[in-house]
Amino acid sequence: MSITARIDDITRIPAAYQQAKLPAPRSVKIEISPRCNYRCGFCALRTREVQPKWDMDFDLFKRITREMRDAGVEEIGVFYLGESFMNPRLLLDCIRYLKQEIAMPYVFLTSNASMAFPEAVDACMRAGLDSLKWSVNAADEDQFEKIMGVAGKLFHRALENIKTTWEIRREKGYKTGLYASSIRYDGEQLGKMEALLDARVRPYVDQHYWLPLYSMGAFATQREEQLGYRPTAGNQGRLGALRDPLPCWSAFTEGHVTAEGKLSACCFDATSHWAMGDLNHTPFMEAWNSSAFVNLRAAHLRKDVRGTVCENCIAY
């Protein structure tokens, strides 16, 4: 199955999930590390007043993922909002546990590539990582420094790591799918992105696809306006298969767990504003169908989220 087909299956709400109380989601993203070495202008991580220093506790990770597997979860993303290669040893331990201890069918990861040094990537693919997707959202060093908010040398390092990962997979015969996505900007910037992708990214991935500029739960809108890029409503999926903002698929078909163990209703929740349960104290399925989550989903199904935590999202 292509990566876009997998994405579309998750962002499409099937009939069995068009209700307030739900079976286990097929997919869950878990924040291995809440930290990131980028300061992207469009990212919800910028809304954190204090950047967290603690990564996910491995014992917590093992417990909740075993609960998820027992409940029927088939896909685990070893990332959420942070950059998981900030803690490569923990990332590797998590992949090994998922693939070798509980036989999770599909384990995937999204990374900005700048921290994905060859030894870590090699180890993750060897451990059984099924999918590795790169986020490539700047066409040149100048735009990179403006949008990502960090030194331009990381732009070149990320591109080199993308190429090196392709070479490692080819040389060692790993089965990991390699992909890339990019935010589709307007006008002249799109042409610049196409040139970069053709030269430095598409030759080293199995598939590339475009994303809209998300509003990140309405928290990043002011920064986006300062940068001159217009966000799309909420998270409507990928370009070519956009979904209606209400009901928002994020609250129905995919789980999202922060590094501190909070189950969130939002795929852009950097502040636990949308926390529906604390997995440190509550089993996964109990939190997945907590009264708070059930009531929120009911509002989404009515297509009226006034008075809920979703009220101020740009989608509405």
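A residue counts as buried when its relative accessible area is under 20%. With that cut-off in hand, a tour of this predicted model can begin with the chain as a whole. Of its 316 residues, 58% count as buried, and the chain has 10 helices and nine strands. Among contacts between residues at least 6 apart in sequence, 72% join residues at least 24 apart.

The side chain of Ser 114 is joined to that of Asn 37 by a polar contact of 2.8 Å. Besides Asn 37, and leaving aside neighbours within four places in sequence, Ser 114 is in contact with Tyr 38, Leu 154, Arg 157, Ala 158 and Asn 161.

Asn 161 also takes part in the packing of two helices, where H6 supplies it to the contact with H4. Helix H4 spans residues 118-126 and helix H6 residues 153-172; their axes lie 10 Å apart, at an angle of about 45°. H4 is therefore oblique to H6, and the crossing of the two is right-handed. On the H4 side, the contact is made by Pro 118, Val 121, Asp 122 and Met 125, while H6 contributes Asn 161, Thr 164, Thr 165, Ile 168, Arg 169 and Lys 172. Sorted by class, this contact of H4 with H6 holds four nonpolar, three polar and three charged residues.

A second pair of helices, H2 and H3, can be described in the same terms. Helix H3 covers residues 88-101, and its axis comes within 11 Å of that of H2, with a crossing of roughly 30°. Because angles under 35 degrees count as roughly parallel, H2 and H3 are roughly parallel to each other. H2 passes H3 in a right-handed crossing. The residues that make the contact are Phe 58, Phe 61, Lys 62, Thr 65 and Arg 66 of H2, together with Leu 90, Asp 93, Cys 94, Tyr 97, Leu 98 and Glu 101 of H3. They divide into six nonpolar, one polar and four charged.

At 38% relative accessibility, Arg 39 counts as partly exposed. Arg 39 and Met 148 are 109 residues apart along the chain, yet their C-alpha atoms are separated by 5.2 Å.

Note on methods
Residues numbered from 1 in each chain as written. Predicted model: local features only at pLDDT ≥ 70, side-chain atom pairs only at ≥ 80, totals over all residues. Heavy atoms only, no water. Axes fitted to C-alpha atoms, helices over the stretch in contact; angles between N-to-C directions. Helix = DSSP H or I, 4+ residues; strand = E, 2+ residues; numbered from the N terminus. Parallel < 35°, antiparallel > 145°, perpendicular 65-115°, else oblique. Left-handed = near helix turned anticlockwise from the far one by under 90°. Contact = heavy atoms within 4.5 Å. Nonpolar A, V, L, I, M, F, W, Y, C, P; charged D, E, K, R; others polar. Polar contact = N/O pair within 3.5 Å; in protein donor to acceptor, adjacent residues only side chain to side chain. Buried < 20%, exposed > 50% of the residue type's maximum accessible area, 1.4 Å probe, protein only.
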